[in-house]
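Subject: Structure handover and notes

Dear colleague,

Here is the structure I promised to pass on, with my notes following it. Please keep it open while you read.

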Amino acid sequence: MSVICGKNAVMEALRAEKTVDKLYIEKGLKSPQANRCVEMAKKRKIIYDFVDKRRLDDLTENGHHQGFAALVSDYEYSTVEDIMEAAKESGRPPFVVMLDGIEDPHNLGAIIRTANQAGAHGVIIRERRAVGLGNTVAAASAGAINYTPVAKVTNLKRTIDDLKKEGMWFVCADMGGDEMYSLDLKGSIGLVIGSEGEGVSKLVKESCDMVASIPMMGDIDSLNASVAAGVMMYEIVRQRRG
């Protein structure tokens with residue numbers, strides 16, 4: 001993740017539709033540029049915040065920000081359409097991994113790495129209240145971020161509903177579901193993994209066709225999100241192979 005600072009640089013990044021993860025404007029700043037930045041952020045559904053000058057000083061190190069700063073991804077996102085096109089070109093049924101609010105960049109990177117090895121055509125992440133692509137994610141993915149498309153969407157439920165119209169089935173991982181070995185996970189499949197703390201949200205879970213649980217035989221009742229994703233992905237691999 002890189003920081004762009006200065007009113008002109010930030011406005012140009014927004015105009016050029018670069019992947020801006022968050023916009024910061026100095027609290028109390030009143031100017032046409034500030035108003036325009038907020039308008040563009042709202043239009044593109046970019047999270048923005050009004051912060052104290054000290055916060056902007058910390059973000060920009062040299063303090064030469066003119067009251068404007070933006071966090072910009074060093075990595076470009078794909079689209080859901082790109083992922084589906086990749087599946088079509090592969091000649092295999094679509095296999096996507098959808099993440100409902102993963103917040104730890106190490107988990108996201110590990111999931112992208114496993115998705116690559118498991119033959120998933122792409123990863124879909126939530127735009128808000130979730131970690132985006134950055135250097136920590138890239139390192140944790142061991143380079144898989146350069147080969148596995150990652151799309152960011154504003155509404156996971158709507159995305160699921162749209163992909164179901166294209167013949168995909170969705171399974172989410174949840175402790176209250178059927179044991180994963182008892183489910184048919186072949187064909188065009190989307191795997192939904194919830195956030196580290198809350199799991200899969202209610203609306204997203206209700207949109208899924210199946211709810212799968214991983215057998216637990218130890219003294220605690222859950223796995224790390226990236227581990228759970230890996231276990232589920234390789235059950236899908238096992239079934240797709242045979």
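How many of the residues of β6 are buried? In this predicted model, β6 is mostly covered, and five of its five residues are buried.

Next, the nonpolar cores. The largest one holds 38 residues, of which Val 97, Leu 99, Leu 108, Val 171 and Met 233 touch the most other members. Two or more residues are given to this core by each of several elements, including β5 (95-100), α5 (105-117), β6 (122-126), β8 (169-179) and α9 (225-241), and the largest share, seven residues, comes from α9. Leaving aside residues up to four places away in sequence, Leu 99 touches Leu 108, Ile 111, Val 123, Ile 124, Ile 125, Arg 126, Leu 156 and Ile 193. There is also a second, separate core of 18 residues, which includes Met 98, Ile 160, Met 168 and Cys 172.

Thr 114, which lies in helix α5, is 116 residues from Gly 230 in sequence, yet their C-alpha atoms are 6.2 Å apart in space. With residues up to four places away in sequence again not counted, Thr 114 touches Gly 230, Met 233 and Tyr 234.

Turning to the part of the chain that holds β1 to β4, there is an open sheet of four strands in the order β1-β4-β2-β3, with mixed pairing. Because β1 (2-5) and β3 (47-51) stand at the edges and each has a single partner strand, one side of each is left without a neighbour in the sheet. Neighbouring strands of this sheet are turned by 20° against each other on average, when direction is ignored. The partner of β1 is β4 (residues 68-72), with which β1 pairs in the antiparallel sense over four bridges, and there Ile 4 stands opposite Ala 70 of β4. Helix α1 (residues 7-15) packs on the sheet, where α1 touches β1, β2 (20-26) and β4, and the direction of α1 makes about 120° with that of β1. Helix α2 (residues 32-43), for its part, lies across β2, β3 and β4 and runs at about 155° to β2.

Two backbone positions deserve a look when you check torsions, given that most residues other than glycine have a negative phi. Lys 45, although not a glycine, has a positive phi of about 60°; Lys 45 lies in the loop between α2 and β3 and, at 44% relative accessibility, counts as partly exposed. Gln 66, in the loop between α3 (53-60) and β4, has a phi near 60°, which is again a positive value in a residue other than glycine.

Finally, the cysteines. With a cut-off of 2.5 Å between sulfur atoms, the count of disulfides comes to zero. The closest cysteine sulfur to that of Cys 5 belongs to Cys 37 and is 13 Å away, which is too far for a bond, and Cys 5 is partly exposed, with a relative accessible area of 27%. Cys 208 is in no disulfide either, the nearest cysteine sulfur being that of Cys 172, 4.3 Å away. With a relative accessible area of 11%, Cys 208 is buried.

With best regards

Notes:
Residues are numbered from 1 along each chain as its sequence is written. This is a predicted model: local features need pLDDT of at least 70, side-chain atom pairs count only at pLDDT 80 or more; totals for chains, interfaces and linings use all residues. Side-chain values use heavy atoms; hydrogens and water are left out. Two strands pair if DSSP finds at least two bridges between them. Axes are lines fitted to C-alpha atoms, for helices over the stretch in contact, and angles run from 0 to 180 degrees between N-to-C directions. Contact means heavy atoms within 4.5 Å. Buried means under 20% relative accessible area, exposed over 50%, partly exposed in between (1.4 Å probe, protein chains only). A nonpolar core is a set of buried Ala, Val, Leu, Ile, Met, Phe, Trp, Tyr and Cys residues joined through side-chain atoms within 4.5 Å.
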